[in-house]
Each structure stands twice: as C-alpha cells, then as structure tokens.
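User: I have a model open and would like to go through it with you. Where shall we begin?

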Amino acid sequence: MKTTYLDILKQRRSIYNLGKNVTLPKSDIDQLIESAIRESPTAFNNQSTRAVILYGEKHDQLWDIVANRLKSEVPTEKVYAGTKHKIDTFKAGFGTILYFTDQNVVADFEKQAPLYATNFPSWAEQALGGAQQSVWTALAENEIGANLQHYNPLIDGEARIAFDIPANWVLRAEMPFGSIEAPAAAKTYMKDDERFRELK
Ligand SMILES: Cc1cc2nc3c(=O)[nH]c(=O)nc-3n(C[C@H](O)[C@H](O)[C@H](O)COP(=O)(O)O)c2cc1C
C-alpha cells in the first residue's frame, strides 16, 4: 500500500505561529496555490472557486482591516487586546490567501441544471473545502504553515474595495501562511469505531 499522500496529509496542521522566513519564491508559492485549486474537483466541473493571494503591504492591509473592523465588534478593551494579539499572529505571516465563491457560476448552474438547483450552493462550499485542503497540504509539503480564518462577512465590504474584488465573488475564508515558527500541538481523534463502519 502506498502512503506518501497520507504522510503529507498528516503534515498539514493549523499553524498559528507563523513567520516571514519563507525561502520559496513567491512565483512558486503562487503556482502551488493556483495548481492545487485548479486540480481540485467542483460540481459539474463548474470551477466556482476563486482566490486572491496577498503579500507584503496587501497582506498587512488585510489584517489591519480585520483589526479595525473588530474594534467596534468586541465588548471591551481587554477583550480587544486578546483579539488584536490573535490578529497580529496572522499578520506575522508571509501572505494570505482569500477564498471566494463566484456566485454567478452558482446561479448559472442553478439555471442550467434545474434538477440539482438546490445543491449548487452547498456543492460550491464543498468544492471550496476540497480546494482549501489541497492548498493547505501542498503548502505543508513545502514546509509552509497555514491556518484557516473566517472574518467574512464582517470584512467583505472593505476587502472588496481594498483588493478590487468583483461584485460576484463572495468571500468565504482567509488563509494566512508563512514559515512554521512553532509546530502545532498534538491533535486528539475520536474513536474510529464511532466514526467508521466497514461492511464486508
Ligand atoms: C470548515 C473549517 C472551518 C474552520 N474555521 C476556522 C476558524 O475560523 N479559525 C481557526 O482558527 N481555525 C479554523 N479551522 C481549523 C480547525 O480548527 C482545525 O483544522 C482543526 O482544529 C484541526 O486541527 P488541524 O488543522 O491542526 O488538523 C477550520 C477548519 C475547517 C475545516
């Protein structure tokens, strides 16, 4: 049995201690991310997933938008200090991938395949999950850590203006990535016999 893929899957973890010590050229990182998304399956091959990769000032700008936006949402200065600290750990990374669903694609396929119309929104989410997992794993294979955040829809309006996002692209997740400055803690797993059944 070949397990190389599973070994790489196990390397993918949520890395919260990110840094800027990435040696892989940005063009290679772009290629990794874009290939992983391109090769990920989508319903009817409708290719509903979109991504914007932010580096440098654009990456910083995103996390400043998140920090400023949350200031008015959290109840006290003390809570905000914790929130700000968390956001700074994302900003400490090398870049961020913004993931979107193209709502025009979803709407088109709802019309084109009316029998399955109600499935297309959740299929777009499932496709996005597959793409995120592939990107995350491809980065891990290259010793680049990442985690997955969801400050959408709070930041949608400001991010749309800041990064010139088309109106039909709906922000679904933010994935900061960078050098792995500290490994993830050990992970716990539920019991296999409560999770899987093999009928032979
Ligand atoms: C759909 C989905 C949503 C998630 N949302 C968040 C999130 O908003 N913030 C966060 O820190 N982690 C988020 N995570 C990461 C999970 O908490 C993490 O994958 C899980 O605890 C397992 O840890 P691991 O990634 O190290 O294997 C999300 C993961 C998935 C699959």
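Analyst: Let us begin with P153, which is placed in the loop between β4 (144-146) and α7. Helices (H or I, at least four residues) and strands (E, at least two) are DSSP runs, numbered from the N terminus. The peptide bond that leads from N152 to P153 is cis, and its omega is near 0°.

User: What should I know about the model and its numbering?

Analyst: This is a predicted model, in which local features need pLDDT of at least 70 and side-chain atom pairs count only at pLDDT 80 or more, whereas totals for chains, interfaces and linings use all residues. Residues are numbered from 1 along each chain as its sequence is written.

User: How many helices and strands does the protein chain have?

Analyst: There are 7 helices and 5 strands in the protein chain. Their order along the sequence is α-β-α-β-α-α-β-α-α-β-α-β.

User: What share of the residues counts as buried?

Analyst: Of the 200 residues, 28% count as buried. A residue is buried if 20 or more other C-beta atoms lie within 10 Å of its own, exposed if 12 or fewer, and partly exposed in between, with C-beta atoms placed from the backbone.

User: Turning to the ligand, which residues surround it?

Analyst: The ligand is surrounded by R13, S14, N147, L148, Q149, H150, A184 and K187. A residue is near a molecule or strand if its C-beta atom, placed from the backbone, lies within 6 Å of it.

User: How does that shell divide by class?

Analyst: The shell around the ligand has 2 nonpolar, 4 polar and 2 charged residues. Ala, Val, Leu, Ile, Met, Phe, Trp, Tyr, Cys and Pro count as nonpolar, Asp, Glu, Lys and Arg as charged, and the others, Gly among them, as polar.

User: Now the helices. Which residues of α3 are buried?

Analyst: The buried residues of α3 are H59, L62, W63, I65 and V66. Viewed down the helix axis, the buried residues of α3 fall within an arc of 145°, so they line one face of the helix. The arc is that of the directions from the helix axis to the C-beta atoms. The face turned away from this buried side carries the exposed residues G56, E57, N68 and K71.

User: What do the buried residues of α3 pack against?

Analyst: They pack against β2 (49-55), α4 (77-91), β3 (95-102) and α7 (156-162). Two residues are in contact if their C-beta atoms, placed from the backbone, lie within 7 Å.

User: What about α2; which of its residues are buried?

Analyst: In α2, the buried residues are I29, I33, A36 and I37. Seen down the axis of α2, these fall within an arc of 100°, so they line one face of the helix. S27, D28 and R38 are exposed on the other side of α2. The cover over the buried residues of α2 includes β2, β3 and α6.

User: How far does α2 reach from its first C-alpha to its last?

Analyst: With 13 residues, α2 reaches 18 Å, close to the 18 Å expected at 1.5 Å a residue. The expected span is 1.5 Å times one less than the number of residues.

User: Which residue has a positive phi although it is not a glycine?

Analyst: E143 has a positive phi of about 60°, and E143 is found in the loop between α6 (120-141) and β4. E143 is exposed, with 12 other C-beta atoms within 10 Å. N45 is a residue other than glycine with a positive phi, near 50°; N45 lies in the loop between α2 (26-38) and β2. N45 is exposed, with 8 other C-beta atoms within 10 Å.

User: One more: is I144 buried or exposed?

Analyst: I144, in strand β4, is buried, with 23 other C-beta atoms within 10 Å. Not counting residues up to four places away in sequence, I144 touches V22, L24, L139, F177 and G178.
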